[in-house]
Amino acid sequence: MLDLLLPQRCVVCGGGGSQLCSECRAELPRIAPPLCARCGAPTAWPVERCRECAGRRLAFASARAAVGYDAAVRRLVLAWKERGLRLLAAQAAELVAERLPPPEVDALTFVPADRGRRLARGHNPAERLTLELAALWELPCLSLLERRRGGRQRGSSAAARRTVRGAFRATGAAPRNVAVIDDVYTTGATAAAAASALRGGGARRVEVVAFARALRRG
């Protein structure tokens, strides 16, 4: 009955049938090797550190994402985050699980949302993605972080790092090995701040997993 009254349309192309049609799903830009071993940026050949992360102090051991953040992925993420189409989190998790092996960790956790944005949206996209991945990877999902203050990434990498640094703290003892999940990896500032807080809570190794990743041009 709901399908008749409110027919679903693909958030990318607008075609009918589902929130993400099979054609658009197949065309989302998968991230493939070679990659930077540390931050997961696509590179011309395998490197330990790339120009995006060289010289930066990063608390995470590695970061990986499933797809590049192009116009189509942006429409998908905005529909999921801002329009409340939460079933897209399951689609995103499936894409992550298809592209990335399960991390060798004791548990998954997520980047906590800013309180105001969570209230406005009614959900935390990163938390929903983590719950979906926890089911697919058969790993526990733990709430290990809280925001000390706001800290959304804006502008250049340096500006983002200044804004986000110190934005999180651990809510208790963190597992020795943990993966922190986020919907989009942009400059890496949020991932680094979350990993630093987890290390402060006792984690020895922190991995970062994201659905999408902003890609540098040129």
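**Entry 1: a helix residue and its surroundings**

I began with Ala-92, which lies in helix H4; helices here are DSSP runs of H or I with at least four residues, strands are runs of E with at least two, and both are numbered from the N terminus. I am reading a predicted model, in which local features need pLDDT of at least 70 and side-chain atom pairs count only at pLDDT 80 or more, while totals for chains, interfaces and linings use all residues. Residues are numbered from 1 along each chain as its sequence is written, and side-chain values use heavy atoms, with hydrogens and water left out.

Is Ala-92 buried or exposed? I found Ala-92 buried, with a relative accessible area of 1%, where buried means under 20%, exposed over 50% and partly exposed in between, for a 1.4 Å probe and protein chains only. I then looked up the C-alpha atoms of Ala-92 and Arg-25, which are separated by 9.9 Å although the two residues are 67 residues apart along the chain.

**Entry 2: salt bridges**

Arg-25 counts as buried, at 16% relative accessibility. I also noted that Arg-25, Glu-94 and Glu-98 are linked in a network of salt bridges.

Next I looked up Arg-213 and Glu-52, whose side chains meet in a salt bridge at 3.3 Å, N to O. This pair links distant parts of the chain, with Arg-213 in strand E6 and Glu-52 in the loop between H2 and strand E1 (62-68), 161 residues apart. Arg-213 counts as buried, its relative accessibility being 1%.

The side chains of Asp-183 and Lys-81 also meet in a salt bridge, at 2.8 Å from N to O. Here Asp-183 sits in strand E5 and Lys-81 in helix H3 (residues 71-82), so that distant parts of the chain, 102 residues apart, are linked. Both ends are buried, Asp-183 at 6% relative accessibility and Lys-81 with a relative accessible area of 18%.

**Entry 3: the sheet**

In what order do the strands of the open sheet run? I read the order of its four strands as E1-E6-E5-E2, with parallel pairing; two strands pair if DSSP finds at least two bridges between them. The edge strands are E1 and strand E2 (107-110), each of which pairs on one side only. Neighbouring strands of this sheet are turned by 25 degrees against each other on average, direction ignored, where axes are lines fitted to C-alpha atoms, for helices over the stretch in contact, and angles run from 0 to 180 degrees between N-to-C directions.

E5 and E6 pair in the parallel sense over eight bridges, and Val-178 stands opposite Val-206 in E6. E2 and E5 pair in the parallel sense too, over four bridges, and Val-178 in E5 is the bridge partner of Ala-107. From E2, Ala-107 and Thr-109 point one way and Leu-108 and Phe-110 the other way, all of them buried.

**Entry 4: cavities**

How many cavities of 30 Å³ or more does the structure hold? I found two; a cavity is a set of points, on a 1 Å grid over the protein atoms alone, where a 1.4 Å probe fits but cannot get out, and its lining residues have an atom within 4 Å of a point. Grid points are joined across faces, edges and corners, and a volume is the space filled by probe spheres set on the points.

The largest cavity holds about 70 Å³ of space. Of the 12 residues that line the largest cavity, Asp-182, Val-184, Tyr-185, Ala-191 and Val-208 are the closest to its centre. E5 gives the most to this lining, with four residues.

The second largest cavity holds about 30 Å³ of space, and its lining includes Tyr-185 as well as Glu-52 and Arg-213.

Technical notes: On a 1 Å grid over the protein atoms alone, a cavity is a set of points where a 1.4 Å probe fits but cannot get out, and a pocket is an open set with protein on both sides within 12 Å along at least five of seven lines; lining residues have an atom within 4 Å of a point. A salt bridge is a side-chain nitrogen of Lys or Arg within 4 Å of a carboxyl oxygen of Asp or Glu.
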